[in-house]
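Hi,

I am passing a structure on to you, with some notes on what turned up in it. Could you open it and keep it beside you as you read?

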Amino acid sequence: MITLLLIFFPLVAALMLLMVKGEQVKKVALAAAIIEFVISIAAVVQFQHNADTQFEFNKPWIQSLGISFHVGMDGISLLLVLLTAFLVPIIILTSFKKTYKNPTAFYSLILAMQFALVGVFVSLDGFLFYVFWELALIPIYFICLLWGAEDRARITFKFFVYTLAGSLLMLAGFIYLYQHTANHTFDIAEMYAAGQSLDIVHQGYVFWAIFMAFAIKMPVFPFHTWQPDTYTTSPTQGTMLLSGIMLKMGTYGVIRWLLPVAPLGVEHWAHLAITLAVIGIVYTSCIAIVQKDFKRLIAYSSIAHVGLIAAGILAGNTQGVQGAMIQMISHGVNVVGLFFIVDMIQSRLGTRDLSVLGGIRNLNPQFAVLFLIILLGSVALPLTNGFVGEFLLINGVYQYNAWLAAFAGLTVILGAVYMLRSYQSIMLGETNAVTAVFPPLEGYEKAVLFIICAAIIVFGVYPKPLLEISEPAVVKLVDNFRTAIGK
Amino acid sequence: MTALILLSALGVIALLAEIFSFKKLLFPVVVLGLITTFVLNLVDWNTDKSWYGMMRAFSSVLIGITTLWFIMAEGFFKEESSLTDHFALILFALVGGVVMVSYTNMTMLFLGIEILSIPMYVLAASKKDDVASNEAGFKYLILGAFSTGFLLFGITLIYGATASFDLPVIADFISSHNGAVPSMFYAGILLMLIAMVFKVSAVPFHFWAPDVYQGAPTSVTAFMATIVKTAAFAAFLRLFASTFAGAGSIWIDVLWVIAALTLLVGNITAVIQTSTKRMLAYSSIAHAGYMLLALIALNQFTQSSVLFYSLAYSIGSIASFGVLSIVTASRGNDTTEAFNGLAKTNPLLAVAMTVALLSLAGIPPTAGFFAKYYIFNAAFLSGYGWLVLIAILASLIGVYYYFRIIIAMFFKESNGNASIEVTVNHKLMFIITILLTIALGLFPDFIIRLL
């Protein structure tokens, strides 16, 4: 029941919000998002630390086709629901001083987006998963289209078509699996069984059909070309939703659907897919180094981070998948923090061009410290949250192939290069005409940055509570995967 | 049968309205009459899976969509002088449509097609002072007559082989000859196939459709794109998915080439259109391609997937043509630019159009998504996975031209275009189409389990 509440509360809130007019709408939206967060905490508290799917709800939906409304959470789902519920109020809070035109629609769409995201993370029925997956695309498309920067129509359209192409391939893969289930159903367990009963060639087809959707969403090189443009043109909150939560749909999909339905296919093609991911890591890190636009730089860094997550998952061992779980959370928190920093600089100084900024530390040391903490989390310094995940991920990839791990490990070094370089050019040095005046931080900005920095440090020093939630489920999933491939 | 009698009576009443001068009352009378027919048609529904259930389902769709159409086309009846003729013509066309979905004899098929087509020829040309409209009517008449020729020729050959017009007898003939039927019969089937493919405007027999759709008054175009198309598909289905199913080996190969071409040509050509009406005409051609996919699959999902698709597609088309005709009337042209800023000036129209276009593009949670899914599922089941891939590619192309309008409505500035006056009836109809589209998308089981 708590799962249903988690899914539908944001939708109800989004619809109620349509009746609120004017400035109140932000506060109501924030309140709704906080209530959702409290519900998710309640779920965490009630959660039994084992590998079972809990809080299940299963009702037939389209009976004649074996489609049911089957939702539930194991540790993997719960962590991502928690991430969603944690980030959405923060994302809403970051917009508190913004005056968007038509705020009612803006906040309703954010909450509608949350509804779809939670739905994706808790679906235990292939069809339902697909419907939520597509539903998540519509609000974000309109958020980017209506409140984005210049040239948004063309860019958001590219984003839409790109991800839709992937989704439709996934749909084809799902229908194919559905035809092979014993009782013609989309139930997750039966789809696993159907996928595993196929031979290696057909599992390979299924792998590519489904992997394309996830690879585009994350995105993995070479399917990433929509991402930098879309992240750069979207309004800050849209970018946060895309990078903080939506790309986790892709990585989650790989864990929940791809590994179990096509283990042999994954095993067969993992080398190619991991190599692509690693190429993406090095390639996008190098591009990030030469970026002048700070927002675009973070967009590229996000591809590098998510490439490592993809590589870790496809390596198919416990360290890799567990590292991916932690890194999804850390990346979500850190990237939202970084995009907020971008937004703060831009709204104060009217630019985010690295070549003209400089010396902000002299004007606002407090901001400098908070920025530095988020940045260090992002470059995975030990004792920050980024370190735990990246360590496990590189460890996981190392067990798969030492050479690939060596190249994947470059992300840490290159990450330090581009992040520290950008910190240097924004914060250090002398102030200039552009950065002469840097207004002090406002209350809501402090609140957001403090919460994010606290999360970075707390889960960097003591990640155990998070690791514990997902561990049993991950161990079970990886065991099943390794049994299926006979290792 | 009740439906046929009631509808014909309604048509006669519409003709008599001129004489007894109650023209003003005619609109509500007709709408109420249609609703009554719709309800009566549902009341004696038998839920068995035979063709009769199917026939009733299709005729319900036709009557229901016509009711919506009448509300949409309110303006069409107001602006024309010869009001009563139009009512009668539409109602008789609907009678033809109902005959086309419920025949068991090929002469009835012929009669149904003619009863449907002749009013459509007249209506296509009903904007008498417009050259394009006259051209549309003329083109439709010539090419329609030509395809009817093919149909009659096909019927003759099949009659020659089987000595019967009755569908059950013909089906028995195929099964008793176990594939070794005379070549005359094959030729008959292929000629009838050409005639039917022409009626549903599939490539390469689609050339009439864009010109006729564009030239005819928008309301008439909407009627052709929804009711005429649904009726033609039901007739097609009745003929090929049940009667000629036994001889599938000879027509399926032809039909999948036609389906693949229709999907690609329809969608690609739609992309380059500047007139929205013509774009919708090509999109309507493309949608025929999806429905052909279900026909090729030829399994237990064929009938219900065509039914669901035609319902979802008709609702989407009625809404999109409705918005188009209102926008065209107020802003003077039907290019994409005419839709600029509609979200600001007329939010309801913009939302109705968006939902309709999302449905036509097949995005969840709309009815169009489930309809496409259901057809893909049927095609996959019969091993046409690669045709599904073509269809997926085609629907991606479709997104491009549908979203151009959505982007124009929400993103472009309105350039001082004023808010458009929308009548209460239209508002009501748009709300109904929005709700139906979403409800069918969320609870498709309701329709599917009827069959």
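This is a predicted model: local features need pLDDT of at least 70, side-chain atom pairs count only at pLDDT 80 or more; totals for chains, interfaces and linings use all residues.

Before the findings, one definition: a helix here is a DSSP run of H or I with at least four residues, and helices are numbered from the N terminus.

Helix 13 of chain A covers residues 294–314, which makes 21 residues. From its first C-alpha to its last, this helix reaches 30 Å, close to the 30 Å expected at 1.5 Å a residue.

Chain B has its own helix 13, at residues 276–297. With 22 residues, helix 13 of chain B reaches 32 Å between its first and last C-alpha, close to the expected 32 Å. The helix is mostly covered, with 22 of its 22 residues buried. B:Leu298 follows helix 13 of chain B and has a positive phi, near 50°.

Helix 4 of chain A, residues 103–122, has 20 residues and reaches 29 Å from first C-alpha to last, close to an expected 28 Å. Here 19 of the 20 residues are buried, so helix 4 of chain A is largely enclosed by the rest of the structure.

**How helices pack**

Two packed helices are described by the angle between their axes and the distance between the axes. In chain A, take helix 17 (residues 385–400) and helix 18 (residues 402–427): their axes come within 6 Å and cross at roughly 160°. Angles over 145 degrees count as roughly antiparallel, so that is how helix 17 of chain A lies to helix 18 of chain A. Their crossing is right-handed. On the side of helix 17 of chain A, the contact is made by A:Glu390, A:Ile394, A:Val397, A:Tyr398 and A:Tyr400. Helix 18 of chain A brings A:Ala402, A:Leu404, A:Ala405, A:Ala408, A:Gly409 and A:Val412. By class, this contact has nine nonpolar, one polar and one charged residues.

In chain B, helix 17 (residues 367–381) and helix 19 (residues 424–442) pack at an angle of about 40°, with their axes 7 Å apart. Helix 17 of chain B and helix 19 of chain B are therefore oblique to each other. B:Ala367, B:Phe369 and B:Phe370 of helix 17 of chain B make this contact with B:Thr437, B:Leu440 and B:Gly441 of helix 19 of chain B. Four of these residues are nonpolar, two are polar and none is charged.

**Where the chains meet**

Chain A gives 21 residues to the contact and chain B gives 24 residues. On the side of chain A that touches chain B, the elements giving two or more residues are helix 5 (126–135), helix 6 (137–147) and helix 7 (152–180) of chain A. Which helix of chain A gives the most to this side? Helix 7 of chain A does, with twelve residues. The residues on that side of chain A divide into 17 nonpolar, three polar and one charged.

**Backbone details and one buried alanine**

The loop between helix 9 (200–217) and helix 10 (227–233) of chain A holds A:Pro219, and a cis peptide bond with omega of about 0° joins A:Met218 to A:Pro219. A:Pro222 is found in the loop between helix 9 and helix 10 of chain A, and the peptide bond from A:Phe221 to A:Pro222 is cis, with omega near 0°.

Then there are positive phi values in residues other than glycine. One of them is A:Phe55, with phi near 50°, which is found in strand 1 (residues 54–62) of chain A. A:Phe55 is buried, with 20 other C-beta atoms within 10 Å. In chain B, phi of B:Ser201 is near 50°, and this residue has its place in the loop between helix 9 (183–199) and helix 10 (208–215) of chain B. B:Ser201 is buried too, with 27 other C-beta atoms within 10 Å.

A:Ala273 has 22 C-beta neighbours inside 10 Å, so it counts as buried. Leaving aside neighbours within four places in sequence, A:Ala273 is in contact with A:Phe211 and A:Leu314.

Happy browsing!

Definitions and conventions: Residues are numbered from 1 along each chain as its sequence is written. Chains are lettered from A and ligands numbered from 1 in the order in which they are written. Axes are lines fitted to C-alpha atoms, for helices over the stretch in contact, and angles run from 0 to 180 degrees between N-to-C directions. Angles under 35 degrees count as roughly parallel, over 145 as roughly antiparallel, 65 to 115 as roughly perpendicular and the rest as oblique. A crossing is left-handed if the near helix is turned anticlockwise from the far one by less than a right angle, and right-handed if clockwise. Two residues are in contact if their C-beta atoms, placed from the backbone, lie within 7 Å. Ala, Val, Leu, Ile, Met, Phe, Trp, Tyr, Cys and Pro count as nonpolar, Asp, Glu, Lys and Arg as charged, and the others, Gly among them, as polar. The expected span of a helix is 1.5 Å times one less than its number of residues. A residue is buried if 20 or more other C-beta atoms lie within 10 Å of its own, exposed if 12 or fewer, and partly exposed in between; C-beta atoms are placed from the backbone.
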